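Colleague: I have some time before the group meeting. Can we go through the model together?
Modeller: Go ahead and ask.

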2 protein chains.
Amino acid sequence: MAVRKTELVDVEEARRRCFAWAAPREAVRVPLVEAVGCYTARGPELPEDVPPFDRSLKDGYAVRAADTAGASDDAPVSLIVIEEVAAGGWPGRSVEPGTAVRTMTGAPVAPGADAVVPLENVRLPAGSSGRRGERIELTAPVQAGEEIQRRGDDLAQGSSPIGAGERIGPREAAVLATAGAWEIEVIRRLRVALLSTGDELLSGPGPLKPGQIRNSNGPMLAAMIRMEGWEVRDLGRCSDQVETVVRAVQGALESYDVVVTTGAVSVGDYDVVPHAMERLGLKMLFRKAAIRPGKPVTVGVRGDRIWFALPGNPASAFVTAHLFLLPTLRKMAGAKAWDPLRTTAVLSGRPSGGPIPLTRYWRAQAWLEEGRAVVDAGREQLSAAISSFLGANALVEVPPGQDPGVGDAVTVWWLDLPSAPIGY
Amino acid sequence: MAVRKTELVDVEEARRRCFAWAAPREAVRVPLVEAVGCYTARGPELPEDVPPFDRSLKDGYAVRAADTAGASDDAPVSLIVIEEVAAGGWPGRSVEPGTAVRTMTGAPVAPGADAVVPLENVRLPAGSSGRRGERIELTAPVQAGEEIQRRGDDLAQGSSPIGAGERIGPREAAVLATAGAWEIEVIRRLRVALLSTGDELLSGPGPLKPGQIRNSNGPMLAAMIRMEGWEVRDLGRCSDQVETVVRAVQGALESYDVVVTTGAVSVGDYDVVPHAMERLGLKMLFRKAAIRPGKPVTVGVRGDRIWFALPGNPASAFVTAHLFLLPTLRKMAGAKAWDPLRTTAVLSGRPSGGPIPLTRYWRAQAWLEEGRAVVDAGREQLSAAISSFLGANALVEVPPGQDPGVGDAVTVWWLDLPSAPIGY
């Protein structure tokens with residue numbers, strides 16, 4: 001049986017080729033609320049100072065610090081309240097020596113004042129309620145600047161506290177909204193097409209015919225891509241003949257940034273995907289990586305389009321999606337940091353089997369115990385076992401020739417935060 | 001100045017009251033692809049075995065193990081190939097003694113066979129290509145069951161490997177799709193209304209008037225809720241008068257599961273939210289929690305609706321959204337584990353200030369260093385500082401009266417996975 005030999009590419013070299021090729025798509029200007037989940041095209045320059053004026057941090061009185069020098073219980077300083085300013089209001093008068101402006105939290109500090117004395121630090125003379133036209137007494141000196149947040153102190157107009165390639169989430173939305181950046185430039189959402197090849201696959205509902213199995217890769221990849229915030233279209237199943245694959249991928253490459261196929265990398269002795277890539281004029285970034293599972297993974301590009309040909313077996317598709325597909329797509333979507341978090345952890349369980357000359361990736365469960373990362377890869381690692389996915393929030397990376405045991409430090413890729421323990 | 005005293009509720013007691021009230025919304029039956037991000041209403045019973053038939057794990061030959069007893073290089077066992085079955089095909093004949101069926105990876109194993117011998121372990125006599133009608137030779141005995149995945153071995157029909165309250169992500173989608181669960185019961189997506197109160201707020205674009213500031217809480221909360229996968233409607237701004245708040249919240253409580261207001265918890269000396277809750281016939285779950293920031297947070301319920309009145313200052317809204325709002329909403333959305341992950345970590349930086357009789361929450365940056373959790377809370381913690389949000393993927397919880405120093409172990413709430421370091 002003649003099996004064509006292909007040189008296996010080291011996993012980091014294969015990933016590097018993907019990342020070297022991947023460039024962010026076009027920038028679009030969108031309302032902030034629509035940018036959630038997208039990556040910034042450039043660091044948005046803040047249009048306004050935050051706060052936009054000197055503002056009081058407390059309910060109190062805006063005063064001149066100089067007026068309060070020497071104030072004490074026995075020798076209080078008496079000031080007359082000349083105005084009241086609520087949040088949203090604007091002072092009409094300046095604080096002159098001997099006067100104060102009642103100023104609520106968030107309200108502008110009147111000109112002339114350089115400190116705010118909180119309500120609770122003010123003494124009211126008999127008969128006074130501390131309102132406009134009445135008197136207040138201060139029994140201690142205050143420092144200039146106290147309880148005032150200066151204009152631009154929090155965020156300065158023209159600054160770019162959020163750089164390029166940052167994902168817009170709740171924190172970024174708050175910062176941008178408060179500084180008036182209601183429209184920002186982000187990289188547009190990717191458009192991804194999925195295609196599952198294999199004559200044995202049933203894609204969609206309906207009864208199985210003898211010998212058929214159901215397509216799990218389409219729904220899995222669709223969920224991954226949707227949760228990243230991109231558009232995904234599952235084109236379903238096509239036969240694993242070169243001709244059919246060429247036709248299906250050709251159409252998809254015209255309408256989508258990314259085509260992801262599963263299966264048909266090779267059928268028996270015949271290399272379907274390499275032939276289809278050649279026919280379509282794609283340049284192969286790499287063909288087969290030195291990993292298990294997922295060895296047949298093949299990636300090709302044409303112009304600004306990319307075709308990820310993932311192996312069809314579920315574990316291989318899962319691992320290669322996390323190693324190659326999602327990081328490359330994040331870079332195309334504009335992300336500055338596109339890889340999942342990789343750390344060391346203590347191995348608490350491992351599957352059977354010995355060292356091999358490939359990099360192994362074990363589906364695993366990682367968590368933090370007393371502040372230390374622990375990972376359990378004790379479950380069945382059979383490529384065909386979909387049940388091994390459940391609870392797998394991490395991959396353990398085992399370099400070629402190595403074979404870590406329980407208690408050893410290993411490299412972990414975190415795919416999700418561990419779940420919290422069940423609540424009340 | 002008469003300030004009404006309210007008993008502060010311990011943070012865990014306040015959270016417990018929310019969770020005790022929160023019950024999952026209605027279950028709906030939806031196509032699997034639409035269920036992504038939702039929580040299962042019950043553990044879906046798998047309609048089919050996976051695999052649905054005994055299937056070959058390798059390209060090879062289905063044989064009777066008994067036939068191979070005693071096979072060796074010198075005394076090979078010779079079998080005649082009676083049929084070829086590809087993935088998607090179905091064997092038409094049984095394997096009788098002395099015969100084999102050429103069987104590709106994923107193809108059904110013919111009746112009578114109890115093992116598969118991989119292609120590479122088979123010797124071809126001169127002139128044979130191992131196809132139908134030709135002979136193959138085995139040079140070693142094989143064990144019954146080798147290279148066969150039995151029907152139901154991976155996932156058994158009728159089992160429920162995914163329980164109630166699990167979120168549908170890529171892994172769950174793969175498991176359910178492969179077992180034919182193309183429709184499942186999930187808790188429907190929540191509908192959440194946001195309302196920002198405060199006469200000083202400008203909600204939406206347009207120039208600021210003197211004394212106005214921009215609404216950052218609406219965009220922040222909208223992003224949080226959208227990223228959880230729920231529907232959110234930002235109703236914008238309303239004035240912080242009891243009458244206005246009552247009217248706005250009344251309408252929202254009719255159309256939404258959850259109303260979230262920010263600000264107006266109290267205005268000066270007047271308790272707007274408690275009065276509005278009373279007017280609307282809500283039962284208060286708690287009023288003011290013993291925390292900083294976020295002390296004025298107040299939560300009320302009426303029937304199956306809930307109103308979260310978060311304080312208006314951005315840091316308070318941020319912290320109380322993570323402590324109260326999101327966990328309660330996750331429980332209402334059907335989650336079994338609704339709280340963020342909480343672990344210990346080593347404190348590498350801390351803000352100024354000493355112990356207080358409240359539980360403090362510092363916005364912080366947490367990461368893993370050599371497999372150990374480390375957290376830096378060294379940034380400005382001013383409630384009015386929105387810039388303190390940036391990069392804050394964690395909260396450090398400091399119990400009342402405590403004041404941890406650098407190097408101490410502290411409790412950390414993880415809001416996001418730390419970012420990976422920048423790639424190539």
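Colleague: Is A:V272 buried or exposed?
Modeller: This is a predicted model, so what follows is computed from it. A:V272 is buried, because 24 other C-beta atoms lie within 10 Å, and the cut-off for buried is 20 or more.

Colleague: Which helix does A:V272 lie in?
Modeller: A:V272 belongs to helix α5 of chain A, residues 272-279.

Colleague: What domains is chain A divided into?
Modeller: Domain 1 of chain A takes 11-25 + 189-332, domain 2 takes 28-46 + 163-187, domain 3 takes 55-149 and domain 4 takes 341-414. The C-alpha centres of domain 2 and domain 3 of chain A are 39 Å apart.

Colleague: Now the two chains. What rotation superposes chain B on chain A?
Modeller: A rotation of 180° with 0.0 Å of shift along its axis, and the RMSD is 0.1 Å. That is the relation of a two-fold axis.

Colleague: Which residue of chain B comes closest to the rotation axis?
Modeller: B:R372, whose C-alpha is at 2.2 Å from the axis.

Colleague: Different topic. How many residues of strand β23 of chain B are buried?
Modeller: 4 of the 5 residues of β23(B), residues 394-398, are buried, so the strand is largely enclosed by the rest of the structure.

Colleague: Which strand pairs with β23(B) over 4 bridges?
Modeller: Strand β24 of chain B, residues 409-414, in the antiparallel sense. Strand β21 of chain B, residues 359-369, also runs antiparallel to β23(B) and is joined to it by 5 bridges.

Colleague: What stands opposite B:L395 in those pairings?
Modeller: B:R363 stands opposite B:L395, and in β24(B) the bridge partner of B:L395 is B:W413.

Colleague: Where is B:E370 found?
Modeller: B:E370 is in the loop between β21 and β22 (372-376) of chain B. B:E370 is not a glycine, yet its phi is positive, about 50°.

Colleague: Why does B:E370 count as exposed?
Modeller: B:E370 has 10 C-beta neighbours inside 10 Å, and exposed means 12 or fewer.

Colleague: Then A:E147, buried or exposed?
Modeller: A:E147 is buried, because it has 22 other C-beta atoms within 10 Å. A:E147 also has a positive phi, about 60°, although it is not a glycine. Its place is in the loop between β8 (135-138) and β9 (148-149) of chain A.

Colleague: On to helix α3 of chain B. How many of its residues are buried?
Modeller: 9 of its 12 residues are buried, so α3(B) is mostly covered. The buried residues include B:N217, B:P219, B:L221 and B:I225.

Colleague: What do the buried residues of α3(B) pack against?
Modeller: They pack against α2 (170-178) of chain A, and in chain B against β11 (191-197), β14 (231-238), β15 (258-262) and α6 (314-332).

Colleague: How many Å does α3(B) reach from its first C-alpha to its last?
Modeller: α3(B), residues 217-228, reaches 17 Å, close to the 16 Å expected at 1.5 Å a residue. B:G229 follows α3(B) and has a positive phi, near 100°.

Colleague: Which residues touch the most other members of the largest nonpolar core?
Modeller: A:V375, A:A394, A:V396, B:V375, B:A394 and B:V396, in a core of 206 residues. A:A394 has contacts that include A:A364, A:V375, A:V412 and A:W413, leaving out residues up to four places away in sequence. Another core, of 25 residues, lies apart from the largest one, and A:V81, A:A87, A:V122 and A:I148 are among its members.

Colleague: Last one. Which residues does the cis peptide bond in chain A join?
Modeller: A:R292 and A:P293, with omega about -5°. A:P293 sits in the loop between β17 (291-292) and β18 (298-302) of chain A. In chain B, the peptide bond from B:R292 to B:P293 is cis, with omega near -5°.

Technical notes:
Residues numbered from 1 in each chain as written. Chains lettered and ligands numbered in written order. Predicted model: local features only at pLDDT ≥ 70, side-chain atom pairs only at ≥ 80, totals over all residues. Least-squares fit on C-alpha atoms with pLDDT ≥ 70 in both. Domains from an automatic or database assignment. Helix = DSSP H or I, 4+ residues; strand = E, 2+ residues; numbered from the N terminus. Pairing = 2+ DSSP bridges. Expected span 1.5 Å × (residues − 1). Contact = placed C-beta atoms within 7 Å. Core = buried A, V, L, I, M, F, W, Y, C linked by C-beta atoms within 7 Å.
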